[in-house]
Amino acid sequence: MTTGKINVSVENIFPLIKKFLYSDHEIFLRELISNGTDATLKLKHLISIGEAKVEYGNPMIEVKIDKEGKKIHIIDQGLGMTADEVEKYINQVAFSGAEEFLDKYKDSAKDSGIIGHFGLGFYSAFMVAEKVEIITKSFKDEPAAHWTCDGSPEFTLEPADKTTRGTEIILHVAEDSLEFLEDAKIKDLLNKYNKFMPIPIKFGTKTQTLPKPEDAPEDAVAETITVDNIINNPNPAWTKQPTELAAEDYKTFYHELYPMQFDEPLFHIHLNVDYPFNLTGILYFPKLGSDLQIQKDKIQLYQNQVYVTDNVEGIVPEFLMMLKGVVDSPDIPLNVSRSGLQADAAVKKISNYITRKVADKLKSLFTENREDFEQKWNDIKIVLEYGMLSEDKFYEKAGAFVLYPTVDGKFHTLEELKEKLAATQTDKDGKLVILYAGNKDAQHSYIATAKDKGYEVLLLDSPIISHLIQKIEGDNSNLTFVRVDSDHIDNLIKKDETTISKLSDEEQTSLKTVLETIVPKQTYSVQLEALDSNSAPFIITQPEFMRRMKEMSQSGGGGMFGMGNMPEMYNLVVNTNSELASSILNNKDKDAQESLVKQALDLAKLSQNLLKGEALTAFVKRSFELIK
């Protein structure tokens with residue numbers, strides 16, 4: 001028997017591992033199964049290059065629970081270790097066998113899928129175990145070894161009678177970790193961390209009913225057999241080439257990732273790059289609507305099929321965090337416990353690649369089937385609009401596929417709009433004016449007025465649209481966006497004919513004086529306009545700039561623009577060609593005149609959903625009095 005002390009530079013590393021190295025105790029199972037997977041993949045590689053003269057067979061990793069004995073067994077059929085290798089790889093903490101293997105076989109092993117990276121994964125076992133045993137037999141013709149350690153720097157290493165290749169790790173579970181002896185707990189952990197490991201993982205058995213033979217009598221009982229319960233899918237869709245997969249395969253994998261998700265994804269993007277870094281994955285666009293508060297953390301990050309985290313911030317661009325799917329890269333720089341990203345130039349490169357790949361895919365979807373893309377627009381627009389705001393590289397490409405729908409359900413790109421509206425919607429300075437509505441129902445009357453004049457009106461209703469049009473205007477100095485209820489559109493768009501007011505200049509001055517004595521000056525700026533007789537007598541608009549700044553402050557720009565407490569300011573546009581304007585002007589009864597103005601103002605406020613509370617109650621009461 002050999003005895004000795006583990007070669008570490010601190011008196012007792014195990015409390016450090018248990019308390020500080022890993023942020024979550026449950027990952028011990030991930031690390032130990034990863035080690036078993038490494039050992040199996042290493043053996044496969046050595047066999048492939050002729051250095052191991054053994055049969056590979058159909059190896060698996062088995063997890064067993066001995067609840068009565070308070071033990072967990074993790075058993076692999078990989079290349080195993082000799083006693084000397086146990087001394088080297090187990091007793092010298094932080095010596096990474098995987099790193100040494102990759103360095104030795106760097107030219108031929110780059111695609112062998114070795115997971116291990118830090119050389120500390122094995123010691124995560126001591127987060128839940130008071131004693132750990134390793135019983136291992138190398139693929140080489142050497143005796144098996146049995147290593148035991150009770151969580152102190154002391155260990156024992158002696159021969160073992162194991163005759164089959166591979167390694168068995170036995171955890172004697174500590175009293176504070178007995179939860180890990182429950183089948184349900186282990187099954188949850190295997191599903192979380194090891195669902196797509198590249199080697200089959202067995203956890204218990206299950207019964208399977210065999211189909212009846214065709215010639216079996218009707219009353220024959222179907223035969224049932226007991227089979228290994230393999231809990232993982234060693235060949236998930238993202239590890240395959242896109243040419244190997246049909247559309248149905250992507251949908252099946254989506255539901256494998258999210259078994260409780262019953263909707264279908266709109267489309268997917270298959271990531272596959274091997275230079276200047278390795279990255280694979282599949283991203284799915286779910287139906288998103290216009291809600292910015294959709295739950296994130298739906299994209300899973302893997303490292304060689306080992307689950308790491310669902311916090312992919314930094315790897316996946318922020319605007320894509322609302323998507324679902326998988327990203328897998330061996331080149332992602334993680335901290336020693338794989339619980340967080342390290343700052344690294346590779347991370348930014350990966351993020352930029354994903355941005356470019358998504359933009360290219362969206363462009364191809366738009367080009368190949370524009371009608372289908374238009375039908376899906378409302379379900380994906382919030383992601384794309386957010387991407388245009390947050391990622392310059394995405395913004396540069398987005399012009400080719402980002403759409404601007406009209407209130408009539410037609411779709412245009414920005415360039416198509418410029419060409420379509422150039423002759424009909426320009427202001428006195430020759431600037432193209434793009435009219436839009438933010439709410440089709442609330443702004444119905446304004447939309448109708450604009451359409452009656454032959455103007456095109458867009459429907460832009462996402463919560464970040466004010467920010468986005470600000471950016472677009474900044475890059476297109478010859479156009480401006482104007483909401484249909486802002487600064488009455490007849491002031492903004494050049495007309496061939498001007499409507500003449502029925503009131504003289506003197507009458508208009510008198511009317512404005514009357515109105516300004518009744519209408520609250522702190523809230524409304526009175527403007528007289530000669531509109532056609534079909535237009536409403538009183539129209540409330542809001543200055544485009546002030547309204548937009550207020551919207552931007554409410555949707556996250558308050559600190560940026562310093563307008564979190566902006567006052568409510570509106571224009572009251574009075575149609576001088578309306579009969580009401582003449583009635584107000586010609587009424588000599590001051591009380592009746594004031595009543596007319598207040599009633600008309602309240603009607604205009606009501607149409608804009610500005611009449612609320614006590615004012616609304618008073619308006620209703622007054623309206624009933626008027627119709628008696």
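**View 1. A salt bridge between Lys-202 and Glu-62.** In this predicted model, Lys-202 pairs with Glu-62 in a salt bridge whose closest N and O atoms are 3.6 Å apart. A salt bridge here is a side-chain nitrogen of Lys or Arg within 4 Å of a carboxyl oxygen of Asp or Glu. Lys-202 belongs to strand E8 (residues 201–209) and Glu-62 to strand E2 (residues 61–66), so the bridge ties together parts that are 140 residues apart in sequence. Helices (H or I, at least four residues) and strands (E, at least two) are DSSP runs, numbered from the N terminus. Both Lys-202 and Glu-62 are buried; buried means under 20% relative accessible area, exposed over 50%, and partly exposed in between, with a 1.4 Å probe and protein chains only. Asp-228 joins Glu-62 and Lys-202 in a network of salt bridges.

Residues are numbered from 1 along each chain as its sequence is written, and side-chain values use heavy atoms, without hydrogens and water. Because the model is predicted, local features need pLDDT of at least 70 and side-chain atom pairs count only at pLDDT 80 or more, while totals for chains, interfaces and linings use all residues.

**View 2. A salt bridge between Lys-451 and Asp-408.** The closest N and O atoms of this pair are 2.7 Å apart. Lys-451 lies in helix H11 (residues 444–452), and Asp-408 lies in the loop between strand E15 (404–405) and strand E16 (411–412), so the pair links distant parts of the chain, 43 residues apart. Lys-451 is partly exposed, with a relative accessible area of 37%. Asp-408 is also partly exposed, at 43%.

View 3. Lys-605 counts as buried at 15% relative accessibility, and Asp-602 is buried with a relative accessible area of 10%. The whole structure holds 21 salt bridges.

**View 4. Strand E3 and its two partners.** Strand E3 (residues 71–76) is mostly covered, with 5 of its 6 residues buried. Strands E2 and E3 run antiparallel and are joined by 5 bridges; two strands pair if DSSP finds at least two bridges between them. Val-63 has Ile-74 in E3 as its bridge partner. The hairpin of E2 and E3 has 4 residues between the strands, and Lys-70 in the turn has a positive phi of about 60 degrees. E3 also runs antiparallel to strand E7 (residues 166–173), with 6 bridges joining them. Ile-75 stands opposite Glu-168 in E7.
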